[in-house]
Amino acid sequence: MDDNTNGVHKIPGNGDGSSKEVIFLHGELDLWVLEAKSLPNMDLASERIRQCFTMFGNCSYPFGKRSPKVHSGKHSIITSDPYVSVCLAGATVAQTRVIANCENPLWDEHFCVPVAHPATEIEFHVKDNDVLGAEHIGVVEISIDKIISGNKINDWFPIIGHHVECLNPFPKLHISIQFRPVRDNPLYNAGVGAGPEYIGVPNTYFPLRRGGNVTLYQDAHVPEKMLPEILLDGGTCYEQNGCWEDICHAILEAHNLIYIIGWSIYHRVKLVREPTKPLPAGGDLSLGELLKYKSQEGVRVVLLIWDDKTSHDNFLLKTEGVMQTHDEETKKFFRHSSVHCVLCPRYASNKLSIFKQQPNANGPRQPWHDLHCKIDGPAAYDILTNFEQRWKKAKWRDFRLKKITSWHDDALIKVDRISWILTPSTGPIGDQNVCVSNEEDPENWHVQVFRSIDSGSVKGFPKGIVEAEAQNLMGGKNLKVDKSIHTAYVKAIRSAQHFIYIENQYFVGSSFFWPSYKNAGADNLVPMELALKISEKIKANERFSVYVVIPMWPEGVPTSAAVQEILFWQGQTMTMMYHMVAQAIEKAGLSDKYHPQDYLNFFCLGKREPSSTPPSSESSSHTNQPHENCASVCCFPTMASAQKFRRFMIYVHAKGMIVDDEYVLMGSANINQRSLDGSRDTEIAMGAYQPKHTWAAKNSHPNGKVYGYRMSLWAEHLGEVEESFYEPQSLKCLRRVNEIAKRNWKAYVAEEEKKMMGHLMQYPVQISRDGKVSSLNDYDSFPDVGGKVLGTPTTLPDALTT
C-alpha cells in the first residue's frame, strides 16, 4: 500500500499479474445528475417505420410504447427515453430514473454512494431505454485527478459518442460531483457508538433506534452445559438461549397478532423437542396446528411465504418444486382456517430452506450452523413496517392476478387504533413510548434495521424523487431501491479498529478487481473494503485480523455447474483479497516477518462421527429442525464415501458479522450480489450494539453481550475457550486458531478416525507469500463428494451465480 493522501490508495499491480500501479478511490461520492440538453432522437428509425405502417390508418406503437410527445406543435413523434448510469471500473454505482420521450430531460437526482474502486475516471453513461434493451447515446468522463481534492465540480460537460458527433447544438450533461475520502469522515474514526450524538448508519430508510433489547442465538438449540461459562462485564455470565423454544413461547403468549414472513415455513415442524422450561398448553403442537390454535383464540395470524413457481398443487399438476419449500402444501393446510396465508412471488433465491433436508438413515446426518436474533423495543416496529409493506404489495398482486379491479384487505391489524398496544408516536422522542430500557441501563441496546428491497416488492415507497431521497431510497431506472444492508456492511468495516469475524453462506464480491471475469457483475464492496482495511492497518503498523467462516461448498451438489461456478467466483474473490494483502505487506517491508494469513483467513466447519457411537446431542445442536426432518443436504452417489468415513461438513447457513466485539450485523443477506444489490433478492438485517460496552465507552476491550456471543461461537467451533481468544486481533490468537483449524482438517481427511478439537477447519486452500491461492496438495477436489475446491467457470448466466 502506498500513500493514501486524499483517500486515493495506490497499489502495485491489479491482481492479474500486471506491474502497473492501480489507484483506488476510497470514500463517498456525492453526486447530482441534474439535466441534459439536445439529446439525439434514438427512436427516429423506428418512428419512420411506424409512420410507414400508419399511412393508411392509425396503428398503435409496437410493444405498447407510450404516447408520443408533441414537438413544435405540428407533429407527434417518438423520441428518446434517456437515463444515466454512473460507472467506476465497469461497475454501476448509481442510476437515474427513465424520463420518457424527452430530448432535454430534467432528472435532478441526488446520490451518496460508497466507493472503493480502481479507476482513472468516473463515467456518466447516457442511454436510451427501449423495450428490447438500452441503446448507448454517449458518455461523460471525469478524471479522478479532478475530484480527489474534495472540491465540488458543478458544470455542463459534452456527451461523447458516435451518435452525437454531428449534432448541432452538441448534447451536454449537467452534473455535480464531490468526493469525500474515508479518512476525512469522523463516522469511521472511533468505532461504533462514539458519543451520545452517534447516529448509526447514515442515509438509510430506518434510523438508529435507542432503548431496545437484543437476544442473540447460535443454532436453533444449544443443549444445557454443552458450552463453557463466559464471563461478562459486571461479573455475569453469557447465556445461550434456545431460538426455537423462544419462538414457541412467543407464539403461545401472543395476544393480538402473529406475523410471519419466510423463505420456507413448513406446517409439520415441531418447534420444541428438548424443553428447558415448562411449555404452556399447545406447546407440543406442530407449527401449523399451533398457529391455527392461536387464531382460534382471536389472535390475527398472517403468513407471507415465498412462492416457488416450480411447485404446484392442483387437479392436473402436483409437484414439490425445485427448492422443496413446501409452499403449496403449507398454503393448502391453512385453507378454510382463520390463518391468512399468501404466497409471495419474488426472484428465485440461492438460499436453502431449513426444512429442505430429506431423511437419510444410512449414514451421519449433516448438521447446520446458523445465527438468529430477537429484537424488543422501537426497532421491532420497523420490522413490523417491513412486513406490512411486503404484505400489502403481495396481496395487491394477488388480487390483480385474479383480475379484481377494487379490493380492500382487512388481514392486517391497525395497531395504532388499539389503545392497549403501545406504538411509537411522531416527533423526535416518539420512540420513548415503546422503549424497553433506558440509556443508563448497562444492558441497553441501540438497534438499526436494514434491507435489500425495491419498490417492486413493497407498497409504500414514494414515487416522487424528492420524497424518495428524503427516505434515503436510491433511484434505479423505474424503481426505488433500499440497499441499506450493503451500506451497513461498508460502514461497519470502515469503522472497525481491531478485528472482524464473519460467518456467511456465500462470499462473493468486488468482481471489478478480480484477476479475471471482471465484468461478472458481483460489484458489492464487502471483500474490497475488507482488503483495504487490512492494507491500511499494515501501512499504519497496527494489528488487524479478519476471520471468515463459510461452508465447504455452497448449497447443492458440489460437482454441479452452478456450485462449481459459485466456487470459482469465491476463489476469484479470495485471490483478489490475498493479492492486495500481500502487496501491502511487501510495500511495508514486512514480507520476511508476516504472511497474508497473519491477517486474513477463511475457514469451514466439519465433523467426524465415531462409527461406534450414535449422533450426539452436541451434533444435533447445529440442526435447525426436528430429528425426523434432519439428514444430509446432498443425496447423491458419492455420499457413500462420506458414510464410510463418517465425516461431513457442517453447513454454514449463517449471515452475520461481529466487529471489535462491540457491534453485530445479522440477518438474511448473503455476501453476494443477489443479496446486497437491492433489486434482486429481498433481504432484511439488523445492526446492534450496547452503548455501555464499546471501545469508545470503556477505552479498553468491551466484554458485553456481543463479546459473549462471539466467544460462545468460538467455544462451539474450537471446542474450548483459551486465553488468547479474548484478544482476537492479536497475532497469537490468529495463529492459534489457524493451528487448530489445520489440525482439524488433517483429522477430517485422515483415513483412520481421529478426534477433532471442535469443528473449525481451514478452508482447503493454500496461500503463498505473494498472495496466490491454490488448492491443498492432494485435495484439488473435496474429499468423498468430488467437485473442484476452487471451482470452474461455466456458461451459466453470471446473474444466477453471483
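Here's a quick walk through a few spots in this structure.

First, the ground rules. This is a predicted model, where local features need pLDDT of at least 70 and side-chain atom pairs count only at pLDDT 80 or more, while totals for chains, interfaces and linings use all residues. Residues are numbered from 1 along each chain as its sequence is written, and side-chain values use heavy atoms, with hydrogens and water left out.

Okay, the overview. The chain has 16 helices and 33 strands; those are DSSP runs numbered from the N terminus, H or I of at least four residues for helices, E of at least two for strands. Of its 802 residues, 58% count as buried, meaning under 20% relative accessible area, with exposed being over 50% and partly exposed in between, using a 1.4 Å probe and protein chains only.

Now the helices. Two packed helices are described by the angle between their axes and the distance between the axes. Axes here are lines fitted to C-alpha atoms, for helices over the stretch in contact, and angles run from 0 to 180 degrees between N-to-C directions.

Start with α7, residues 484–495, which packs on α8 at about 5° with the axes 9 Å apart. So α7 and α8 are roughly parallel, which is the word for angles under 35 degrees. Tyr489, Val490, Ile493 and Arg494 in α7 meet Val526, Glu529, Leu530 and Lys533 in α8, contact meaning heavy atoms within 4.5 Å. By class, that's five nonpolar, no polar and three charged residues. Nonpolar is Ala, Val, Leu, Ile, Met, Phe, Trp, Tyr, Cys and Pro; charged is Asp, Glu, Lys and Arg; the others, Gly among them, are polar.

What about α8, residues 526–539, and α9, residues 561–587? Their axes come within 9 Å and cross at roughly 15°, so α8 is roughly parallel to α9 as well. The α8 side of the contact includes Met528, Leu532 and Ile538, and the α9 side includes Met576, Met580 and Ile585. This one has 13 nonpolar, two polar and no charged residues.

Over to the strands. β8 (121–130) and β9 (133–143) run antiparallel, joined by 10 bridges. They form a hairpin with two residues between them, and asparagine 129 stands opposite alanine 134 in β9.

Last stop: is leucine 422 buried or exposed? Exposed, at 53% relative accessible area. Leucine 422 sits in the loop between α5 and β20. Leaving aside neighbours within four places in sequence, leucine 422 is in contact with Tyr381, Asn433 and Val434.

Notes: Angles under 35 degrees count as roughly parallel, over 145 as roughly antiparallel, 65 to 115 as roughly perpendicular and the rest as oblique. Two strands pair if DSSP finds at least two bridges between them.
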